[in-house]
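Hi,

Here is the structure for you to look over. My notes follow below it.

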Amino acid sequence: MSRAVSDGGENLNGSDVGGSRAPSHCGMDYRVSFPPKKSILQEFSGTLKDLFFAGDDPLRQYKEQPSWSKRVWLGLRNVFPVLEWGRHYTLGKFKGDFITGLTIASLCIPQDIGYAKLAHLPPEIGLYGSFVPPLIYPLLGTSRDLAMGPMAVVALLLGTLLQKEIDPKTHPLEYKRLAFTATFFAGITQAALGFFRLGFIIEFLSHAAIIGFMGGAAIIIALQQLKGFLGIKNFTNNTDIVSVMKSIFKSAHHGWNWQTILIASSFLGFLLVTKYIGKKKKKLFWMSATAPLISVIVSTFFVYITRADKHGVAIVKNIEKGINPPSANLIYFSGPFVLKGFKIGAVAGLIALTEAIAVGRTFAGMKDYKLDGNKEMMALGTMNVVGSLTSCYVTTGGFARSAVNCMAGCKTAASNVVMSIVVLLTLLFLTPLFKYTPNAILSSIIISAVLGLIDYKAAYHIWKVDKLDFLACLGAFLGVVFSSVEYGLLIAVAISIAKVLLQATRPKTALLGNLPRTTIYRKIEQYPDVTTAPGMVIVQVDSAIYFTNSNYVKERILRWLEEEEERQRQQNFPQIEFLIVELSAVVDIDTSGIHALEELFRALKKSKIQLILANPGPTVIQKLRSAKFPELIGEDKISLTVGDAVKRFAPKAVDSV
C-alpha cells in the first residue's frame with residue numbers, strides 16, 4: 001500500500017505528522033505533550049528570526065570561524081560577493097563574459113536611447129545608465145545572469161509620474177533634477193529593504209499582478225511609440241489607451257509621414273523576424289541581440305545619404321558627448337520636491353526591484369545556483385544611489401537583456417563590466433554618429449522589445465489554476481491600459497492584498513470521515529467514500545486562528561455541526577455527542593482564537609455535546625495551556641490524533657470500521 005499524507009494529521013500507519021504513533025497500533029497511551037515553556041526574550045528572538053532570517057541564525061556562520069581574521073574575511077565576502085567568485089575567475093570565464101558583454105552592449109545602446117525618450121529625458125542619460133550602474137552591481141550582486149540598465153516599464157512609469165509634477169519641455173533642468181532625486185530615493189528604498197531584510201514587502205505584488213501590470217504597460221508603451229512610428233508631431237501626454245487612440249486618429253489625415261512609416265515598418269519587420277529566428281533556433285540568438293544595433297546603423301546611414309530629415313523624418317539630433325557628469329548637486333534634498341521625489345522613487349524602486357528579483361530567480365533556477373534576495377536589494381539600491389549621483393535614472397535587471405546575457409553564455413556578472421566599457425567608448429567617441437538616427441527606428445526597437453512582456457500564455461495558465469489570481473492579473477492590466485500606470489499598479493496591489501485578507505479572514509474548514517478499514521481520516525469533499533462515525537462530527541480547520549477569523553471559524557464549525565445533525569437525524573443516527581476539531585493545520589492561535597474556542601465550548605455544552613481537540617501543534621497547545629483551556633474542557637479532551645479521539649470516545653464506531 002502506498003503512503004499518503006493525511007489531512008487529519010495521520011499517515012497510513014496511524015502515525016501523526018510529528019511521527020508519534022497512535023495508541024490503536026502500539027497499545028501505549030500517548031498523550032499530547034507540552035513543549036518547554038520559552039521566555040519572552042526567546043519567543044521574541046524566535047519571531048524576529050522567522051520574520052527576517054527565515055528561522056536561520058544570521059551569526060551561525062561567523063561563530064563557526066576559529067579566528068577574528070577569518071570572520072572579517074567572511075563578512076567582507078558576504079558584503080562583496082565578488083571576493084568569492086573572483087577568486088575562481090579564469091581566462092576561460094573571461095572569454096565567455098567578454099563575448100556576452102559585447103553582445104548585450106549591441107542590444108542595450110539603441111534601447112537605452114529609446115528608453116530615455118520614454119522617460120522624457122535626453123538620450124545620453126539613457127546611455128549613462130548602462131555605464132556606471134553595471135560597474136557597481138558585480139561588486140555586490142549574487143546573480144550571474146542579470147544585465148543592468150534602463151528598463152522600458154520603469155522608464156514609462158518614471159516619465160508618467162515625473163511629468164505630472166514638472167513639464168519636461170518648459171522646465172528641462174528641474175525635470176532632470178526631480179528624476180535624479182527620484183532615482184536617489186529609489187536606491188535608498190531598495191537598499192533599506194535589503195539592509196533590514198524586509199524583502200517580504202515586495203511579495204504583496206503577486207506574480208499574477210505583475211503579469212497583468214507588465215502586459216498592460218507593454219501595450220501602452222507600444223501605442224505611445226506610434227508617435228515616432230507614424231511621424232506624428234502633436235501627441236497626447238496621457239498614457240491611457242483611449243487618449244492615445246484619439247490622438248492617433250485625429251492626426252491620420254495630416255499628421256502622418258509616409259517616409260517615417262516606411263522606415264519604421266521595414267525595420268520592425270526585420271526585428272520581429274530575427275527575434276522569431278532567435279527563439280526557434282537558440283544558437284542563432286545573436287541575430288536578435290545584434291538586430292537593434294544593425295537597424296540603427298543601416299537606418300542612420302540611409303537617412304544621412306537621402307537627407308530624409310529634410311522631408312519630415314524626425315531624427316535624434318545631438319547626443320551629448322562624454323561620460324556621466326556628477327549630479328549630486330542637482331538632487332533635491334530640501335524644498336517641496338523632496339517628498340514628491342521620494343514618493344515617485346519608492347514606487348519606481350519597488351517595481352524595478354520586483355522585476356530584477358523575479359528575472360534573477362528565473363535564471364538562477366535554470367542554472368541551479370542560489371540567489372540571495374536581500375543582497376540583491378542592497379546591490380540594486382547601492383547601484384541606483386550611485387547612479388543618481390552620476391546623472392542616471394532608475395536602472396534594474398530587465399528580462400530582455402538578461403535573457404540575451406544568459407543565452408550568450410555569460411559565466412559571471414563581469415559581463416556587465418564589459419558592456420559598461422563598450423558603452424563608455426560609445427559615450428566618448430561614437431555619440432556624434434547617432435545624429436541622423438531616425439526616431440522611427442527607436443520606436444520600432446522599443447515596440448519589438450516590449451512585445452515580449454505580453455505573456456498571454458502565463459495569463460491563461462493563471463486563469464486555469466486560480467480565478468482570484470486571474471482577477472488580480474486582469475485588474476492590473478485593465479488599470480494600466482484604461483487609466484494610468486500608477487492606477488494599474490495600485491489596483492494590482494489592492495487586489496493582491498484583498499486576496500490575502502480574504503484568505504486570512506475566511507479560512508477553509510472541512511468535514512472529515514474515515515477511510516474504510518483504516519484509521520485514516522480524510523476530507524469528505526475530496527473522498528466521498530469515507531464513512532462518518534454515528535454521534536460524532538469531525539471538522540478540520542486549515543488556517544491559523546487569529547482575531548481576523550476567529551469568529552468566522554467558530555460560526556463555520558457550528559454550521560457544519562448543524563448540517564451534520566440534520567443529515568444524521570434523517571438517517572436515524574443517534575444524537576451527536578462529540579465534536580472533534582482537528583488542529584494539525586492550525587500553526588498559531590491568539591487570544592481572540594482561544595476566546596472563540598471557549599465560546600464554542602459553552603455553546604456545545606448547552607446542547608450536551610463534548611468538544612475534543614485533536615493534534616494541536618506546539619505553539620497552539622502552549623498557548624492553550626497558558627490560557628488554562630485544557631482545564632476548562634478537560635485534559636482528556638485533547639487527543640494525539642483523530643483516530644485516538646474516535647477510539648477513546650466512540651469505540652463502537654472503531655469496531656465497526
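Are Phe184 and Phe185 buried or exposed? Phe184 is buried, and Phe185 is buried too. Buried means under 20% relative accessible area, exposed over 50%, partly exposed in between (1.4 Å probe, protein chains only).

A word on the source. This is a predicted model: local features need pLDDT of at least 70, side-chain atom pairs count only at pLDDT 80 or more, and totals for chains, interfaces and linings use all residues. Residues are numbered from 1 along each chain as its sequence is written, and side-chain values use heavy atoms, leaving out hydrogens and water.

Now the rings. Phe184 and Phe333 are edge-to-face, because their centres are 5.4 Å apart and their planes at 85 degrees. (Rings of Phe, Tyr and Trp, the last by its six-membered ring, pair if their centres lie within 6.5 Å; planes under 30 degrees apart count as stacked, over 60 as edge-to-face and the rest as tilted.) Phe184 lies in helix 10 (residues 172–195) and Phe333 in the loop between helix 15 (285–306) and helix 16 (337–367), so the pair ties together parts 149 residues apart in sequence. Helices (H or I, at least four residues) are DSSP runs, numbered from the N terminus. Phe184 has a relative accessible area of 15%. Phe333 is exposed, at 51%. Ring pairs join Phe184, Phe185, Phe333 and Phe342 in a cluster.

Two charges also sit over rings (NZ of Lys or CZ of Arg within 6 Å of the ring centre and within 35 degrees of the ring normal). Arg177 is over Tyr332, 4.1 Å from the ring centre. Lys467 is over Trp463, at 4.6 Å.

Best wishes

Methods: Helix = DSSP H or I, 4+ residues; strand = E, 2+ residues; numbered from the N terminus.
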